[in-house]
Amino acid sequence: MVSSDAVVPHAYLGIDAVIQMYEQNPARSLALAAARKRLANVIDIDEKPTMSSLRLKRGLSQAKLAVLMGTSQARLSRIECGLDDVLFKTFEKFVVTLQVSRDEIAEALKNTSKVAG
């Protein structure tokens with residue numbers, strides 16, 4: 001953990017900037033997508049699917065899914081944490097963008113709420 005008075009190197013990049021930079025490189029972008037898919041498989045071994053696991057199975061970051069759905073990454077984060085309710089329009093965007101059934105989205109939302117609450 002970095003204290004507030006620590007000197008940060010000039011060339012420092014936050015993780016979001018590094019991921020964004022890697023996403024611009026086709027080979028690294030594919031590697032990140034593959035890593036997300038592997039992570040989703042590990043997460044789902046003993047648990048029911050959640051919104052984050054559905055996203056990861058598609059190899060998508062929150063930022064990329066937000067762009068595809070026309071929403072913000074912050075909104076997706078709140079949904080994945082079970083902090084925001086999903087309107088029908090957003091529900092349908094999840095179905096289309098993640099290429100899963102309505103039942104799968106409904107189950108994942110239910111499971112997400114249980115995990116968060």
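Predicted model: local features only at pLDDT ≥ 70, side-chain atom pairs only at ≥ 80, totals over all residues.

Modeller: Residues are numbered from 1 along each chain as its sequence is written, and side-chain values use heavy atoms, with hydrogens and water left out.

Biologist: Which residues touch the most other members of the largest nonpolar core?

Modeller: In soluble globular proteins, nonpolar side chains tend to be buried together. A nonpolar core is a set of buried Ala, Val, Leu, Ile, Met, Phe, Trp, Tyr and Cys residues joined through side-chain atoms within 4.5 Å; buried means under 20% relative accessible area, exposed over 50%, and partly exposed in between (1.4 Å probe, protein chains only). Here the core has 16 residues, and Met51, Leu65, Phe94, Leu98 and Ile105 touch the most other members. Two or more residues come from each of α3 (51–57), α4 (62–69), α5 (73–80), α6 (88–98) and α7 (102–116), with α6 giving the largest share, 4 residues. Helices are DSSP runs (H or I, at least four residues), numbered from the N terminus.

Biologist: What does Met51 contact beyond its neighbours within four places in sequence?

Modeller: Contact means heavy atoms within 4.5 Å. Met51 contacts Ile79, Glu80, Phe94, Ile105, Ala108, Leu109 and Thr112.

Biologist: Is Ser61 buried or exposed?

Modeller: Ser61 counts as buried because its relative accessibility is 13%. Ser61 lies in the loop between α3 and α4 and, not counting residues up to four places away in sequence, touches Glu23, Arg36 and Arg55.
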